[in-house]
Amino acid sequence: MTPYTRSTLPEVWLLKRILFAALLALGIVLYVLEGFFPPLVPVPGAKLGLSNILVLFTMLFLGSGAGIFLAVARSILGSFIAGTLLAPGALLGLAGGLVSALVVAFSLKRLRPPLGLVGISILGAIAHNITQLAVAYMLFVQIQGLLYYLPILFVLGLISGLITGLIAVYLFERLGPELGLS
Amino acid sequence: MRKTLSLLKIFVFGVLASSLVLIYLQGRVAIVQEEQYLLGTYFRIKAQSRSQDQAHQAVREAFAEAKRLAEEFSRTGTGSLGELNRQGCCAAVQLTDDVLTVLEAAQKYRELSDGAFDPTIGKIVDLWGFTQDWDRAGVGRIPSEEALRPLVEAPRNILIDPQTKTARLSSSAVAVDLGGIAKGYIVDRVVEILKKHELESALVDAGGNIRVFTLRSRRVLWWEDRRPFRIAVQHPRDERKIIGILEIWGDRALATSGDYQRCFFADALGNIFPCRYADEPDKIRYHHIMDPKTGKPARGLISATIVAPTAMEADALSTAVFVLGEQRGLALIESLPDVEGVLVTEEGRILTSSGLREASFPTELP
Amino acid sequence: MRELVRTVRRYLTWGDYMLIALVLLGASATIPLLHKNAEASGRWAIVRVDGQIVHQLPLAKDQEVTVIGPAGETVIQVQGGRVRVLRSPGAQEICMRQGWIHKPGQALICLPNRVTIEIPGDSGIDAISR
């Protein structure tokens, strides 16, 4: 059976889009929910990055392009729904999500052999955090001491990447074969 | 089906794109803060605007006006007030509009406070050593009864003729001291100038005489949204602490009169020491807010903070309430609409007026 | 628990372990920065005399600075990410008794010598009525 990502059957075409919509909806929900947690770092809009699991998932099942699109759409629509669209937090979330998605896409293509899904997830999470820090630093010059949260961000990225990565692998192992993926 | 999904795609892209454009459009707000030493204190202005230039321009003009007025209101300077005091009794002196306005307001507050606020006690205040160069001396002196009595008992009046814009002092016992009201007036004038520019909000702080205003409700486009100004009240007995924070919306002013601002200690033997915020054992504190009826520092309250629509009102009322004391002071505050206050008694009890119930102040000094 | 650990081990490749080690290394390398002057490093104390800025002192660097005002010398000390006034003319010694400050938005005011030391930022308090 053709791996479903490369299938051209019309039913599959539709299914892919439905799946995408479902994943996007889930991503938005997670994004909005994690926004309600108190920020661990005094950066407005700093998020845990839990919804990144869905980005990874999308990339595995629907391709890297879909994954990137999901990341961007999730950030913007999520901020829109949460009512924070025009706040700096939205910009940080968008930038973080986008860069993280790009890093994950790149890693999936090139770094797959040495790194497993968990490692890729960790990379994505760290990229997400660092991007948020960098954007915050560039935009909000008042918060001068931001740079020194670097170690915490590494560790947080590690942890959240680890968790999301493990979940992703778990799901992938269960669902992958059914959908014809390795 | 495909068409619907393509439309959906376009819609989503549309939302995405316009959101990005909107995010980009929100500009950064410029905050300009400057301070100058004027009127014996640091004068700080913080202006927030979308335009850096407007903010700078506003602040520049504001300080220019403040400087001009500071000279006007100097008790001994070259302005008309100084002239009035130099003339003494009893000739009429020409006044500028600013000084005239404040003198009339001062008379009004004198009546309103039943004499607690009194602009004619300049000579009494001088006797205690709280003169223009108190800052350099740092201490005052305790005047003798014989020196005080004639000044306290003499009828002290300023006779103002609004038609000719002149005033004269009723007796040689009078020297005009607008210290408890002039700073407030200057703050108000500064705010008027700031309002002429395109500012979103501003804060003027003249050594504790504060006025704030917000012109535009920065609601949709900037993340700070609408937030109140948070102004703290100084702890009268500890330089490092505050006793509470007031959330001020809109256009309001605050002023505090305290016995720790200008003061000195004296022990039983009559030795004089510089004072501190904290009390010292075996020493009595003498401060600069005189009770016009006794000619001596008012007792009962150690700090009186007033919130009012204008800085001049807040300034005058804070002095008046301080002198009036706990009961009459609170009564005066409650009798005036739009005026609120926080009082601290000598025993350390903190009282707030009815309009400040939500503000979280402790009942005792921390 | 052991089941969980075994599952986790199974999911991670050698590359993953390498990455984790690298991240932990990187984190610990930047930790010294975090603790000592983390908050302070980004912070500055702006010193003004008569309203004019005369110094911008990084709070991360311990130092002692003397400024001259109309009433004499004011000695300012920066130590451990905090700043205070050691000596300043003025009978009431108010600014010396204000002690150390280190948070953004806090300020020390030495009125007799017209010196103010402010750590720029938002402390949640816009002004103090005194």
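This is a predicted model: local features need pLDDT of at least 70, side-chain atom pairs count only at pLDDT 80 or more; totals for chains, interfaces and linings use all residues.

Biologist: OK, chain B. How many helices and strands are there in chain B?

Modeller: Chain B has nine helices and 18 strands. Its C-alpha atoms fill a box of roughly 105 × 50 × 40 Å along the principal axes.

Biologist: What share of the residues in chain B is buried?

Modeller: Of the 366 residues in chain B, 45% are buried. Contacts are worth a look too. Take those in chain B with a separation of 6 or more: 57% of them are between residues 24 or more positions apart.

Biologist: Which strands of chain B form the open sheet, and in what order?

Modeller: Eight strands of chain B, in the order S1-S2-S6-S7-S10-S16-S17-S18. The pairing is antiparallel.

Biologist: Which strands stand at the edges?

Modeller: S1 and S18 (350-352) of chain B. Each has a single partner strand, so one side of each is left without a neighbour in the sheet. From one strand to the next, the twist averages 10 degrees.

Biologist: What holds strands together in a sheet, in general?

Modeller: Backbone hydrogen bonds pair them, either parallel or antiparallel.

Biologist: Zoom in on one pair. How many bridges join S6(B) to S7(B)?

Modeller: Six bridges, with S6(B) and S7(B) (residues 209-214) running antiparallel. For instance, B:Leu203 has B:Val212 in S7(B) as its bridge partner.

Biologist: Now the helices. Where does H2(B) pack?

Modeller: H2(B) packs on the sheet and touches S1 and S2 of chain B. The direction of H2(B) makes about 15 degrees with that of S1(B).

Biologist: And which strands does H8(B) lie across?

Modeller: H8(B) lies across S2, S6, S7 and S10 of chain B. H8(B) runs at about 20 degrees to S7(B).

Biologist: How do the axes of H2(B) and H8(B) cross?

Modeller: H2(B) covers residues 52-72 and H8(B) covers residues 182-195. Their axes come within 9 Å and cross at roughly 150 degrees. H2(B) and H8(B) are therefore roughly antiparallel to each other. The crossing is right-handed.

Biologist: Which residues make the contact between H2(B) and H8(B)?

Modeller: From H2(B), B:Ala58, B:Glu61, B:Ala62, B:Glu65, B:Ala66, B:Leu69 and B:Ala70. From H8(B), B:Ile186, B:Arg189, B:Val190, B:Ile193 and B:Leu194. By class, that contact of H2(B) with H8(B) has nine nonpolar, no polar and three charged residues.

Biologist: Switching topic. How many residues does the contact take from chain B and from chain C?

Modeller: The contact takes 31 residues from chain B and 22 residues from chain C. On the chain B side, the elements that give two or more residues are S1, S2, S6, S8, S9 and S10.

Biologist: Which element gives the most to that side of chain B?

Modeller: S8(B), with six residues. By class, the side of chain B that touches chain C has 15 nonpolar, eight polar and eight charged residues.

Biologist: What joins S8(B) to S8(C)?

Modeller: Three bridges, and the two strands run parallel. S8(C) covers residues 127-129. In S8(C), C:Ser129 is the bridge partner of B:Val233.

Biologist: Stay with chain C. In what sense do S1(C) and S2(C) pair?

Modeller: Antiparallel, over six bridges. C:Val49 has C:Gln52 in S2(C) as its bridge partner. The hairpin has two residues between the strands, and C:Asp50 takes a positive phi near 60 degrees there.

Biologist: Over how many bridges does S1(C) pair with S7(C)?

Modeller: Four, in the antiparallel sense. There, C:Arg48 is partnered by C:Thr116 of S7(C).

Biologist: Last one, chain A. How do the axes of H2(A) and H3(A) cross?

Modeller: The axes come within 7 Å and cross at roughly 155 degrees. That makes H2(A) roughly antiparallel to H3(A). Their crossing is right-handed.

Biologist: Which residues touch there?

Modeller: H2(A) gives A:Leu54, A:Val55, A:Thr58, A:Met59 and A:Leu62. H3(A) gives A:Ser64, A:Ala66, A:Gly67, A:Leu70 and A:Ala71. The contact of H2(A) with H3(A) has seven nonpolar, three polar and no charged residues.

Note on methods
Residues are numbered from 1 along each chain as its sequence is written. Chains are lettered from A and ligands numbered from 1 in the order in which they are written. Axes are lines fitted to C-alpha atoms, for helices over the stretch in contact, and angles run from 0 to 180 degrees between N-to-C directions. Angles under 35 degrees count as roughly parallel, over 145 as roughly antiparallel, 65 to 115 as roughly perpendicular and the rest as oblique. A crossing is left-handed if the near helix is turned anticlockwise from the far one by less than a right angle, and right-handed if clockwise. Two residues are in contact if their C-beta atoms, placed from the backbone, lie within 7 Å. Ala, Val, Leu, Ile, Met, Phe, Trp, Tyr, Cys and Pro count as nonpolar, Asp, Glu, Lys and Arg as charged, and the others, Gly among them, as polar. Two strands pair if DSSP finds at least two bridges between them. A residue is buried if 20 or more other C-beta atoms lie within 10 Å of its own, exposed if 12 or fewer, and partly exposed in between; C-beta atoms are placed from the backbone.
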